[in-house]
Amino acid sequence: MTITPERTDNGIAQERKLVTSIPGPASVALQARKNAAVSGGVGVTLPVYIDRAGGGILIDVDGNSLIDLGSGIAVTTVGNANPYVSANVAEQAAKLTHTCFMVTPYSGYVEVCEALNRLTPGNHEKRSALFNSGAEAVENAVKVARVYTKRTAVVVVEHGYHGRTNLTMGMTAKNMPYKEGFGPFAPEIYRVPASYPYRDRGLSGEEMATIATTRIEKEIGAHNVAAIMIEPVQGEGGFIVPGQGYFAAMAKFAKDNGIVFIADEIQSGFCRTGNWFASEHEGVVPDLITTAKGIAGGMPLAGLTGRAEIMDSVHAGGLGGTYGGNPVACAGALGAIRWMEETDANARAREIEAIMVPRLREIQSAHPTIGEIRGRGAMIAIELVKPGTIEPDAARAAALNKFCHENGVITLTTGTYGNVFRFLPPLTISNELLNEGLDVLAAAFEATA
Ligand code: PLZ
């Protein structure tokens, strides 16, 4: 098979087609088995069991073709089963599946670190390390920052999301469903105001940063802070793009006070926002960057990248893990990154924004329940409120979601108040499918009005 950048449909007809109700009988049967076999603690947004995927389509076990506006939560940015990823994965899996990089290394790990060092913002000397999940990358960012600074406090912001492990749960803002009943959480985590322009009562990004940094000075003491970690576009918090100057002011405060500034780019990174990393939109070069999700086209892989002097401050053997930087996952990442470079994936993300935003504005003009349209690139959301107020309307978001799902469009909600409807299409979706997904969304607004 010749692999070309264009050929990402995985041989699947790029059309929405429903042949049963959603979920169909085969999915219903699997869901019954799921309920009997899988912990009830593991939730499912839409119990439609997927069998194949490619381009902008997911095909379920009943033969329904659904439009994918979720990318498995910002993971399959290069499309599902992208041939660059699949071919690399198959080839690597046939050669060797694991040695443990800490025991006997292999080149793929080094190549992914070289790519991370090259692609992340800043021309300074960098080092990287690889892990299995976003949460693990976040944990390791904190470990590195503490060793480097010999300080303990970690500052995060309101609406932030950093994972579900013990340390990262403590760093995550939202209680339900992530934290409820799972405490006690790790100590020395402090949460200060984020910039949420829609809800900051007219305060600018810079003003919000001043409130946040004053809190750090007065309540923690800047000299006690090892790290400030912020998402440059908050993902689970509601696709919140910070007000002008906020992110840069927080980074400057960190620099002025010997604090390691960490951008959590796990959701916003790898061409999702129309830049390789969303920090670039803010003109910020973070000291450390966490990555995962889009890095490897669906293979479980995460990275921590940053200034060589910080990353190398850890004693040999201090960072690692059995599977971190697994060779098959690294092969997937090298395929995904090559596809992003060869196809100018950032341009495609910006194109998706240019299609989506005007159409969402059109819907907004008829439906004032859309309080705000925001986001960057292929990371776009609408925030739903009671018209004429900023009171969150989570029920409307849920109703819209249900309509879209029943009509064969995979959509996701998010946000601290559960009232944000978010779009994360794979960059391989066709304009036709994207527009059809938006047609269904428009119909959902009419149907739930
Ligand atoms: N940091 C910014 O977005 C994962 C969570 C889905 P893991 N976001 C999706 C869910 O409900 O569990 C995320 C993120 C940011 C860290 C993480 C954590 O990444 O790979 O899920 O551990």
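Select Ala135 and the ligand: a polar backbone atom of Ala135 lies 2.8 Å from an oxygen atom of the ligand, a polar contact being a pair of N or O atoms within 3.5 Å. The model is predicted; local features need pLDDT of at least 70, side-chain atom pairs count only at pLDDT 80 or more, and totals for chains, interfaces and linings use all residues. Residues are numbered from 1 along each chain as its sequence is written, and side-chain values use heavy atoms, with hydrogens and water left out.

Then show Glu236: one of its polar side-chain atoms is 3.5 Å from a nitrogen atom of the ligand. Of the 510 Å² of accessible area that the ligand has on its own, the protein covers 82% (Shrake-Rupley method, 1.4 Å probe).

Finally, zoom out to the whole protein, which has 13 helices and 15 strands (DSSP runs of at least four residues, H or I, and at least two, E, respectively). Its radius of gyration is 21 Å, close to the 22 Å from the globule rule for 449 residues, so the protein is as compact as a globular protein of that length. The radius is taken over C-alpha atoms, and the rule is 2.2 Å times the number of residues to the power 0.38.

Key
A polar contact is a pair of N or O atoms within 3.5 Å; within protein, one must be able to donate a hydrogen and the other to accept it, and residues adjacent in sequence count only if both atoms are side-chain atoms.
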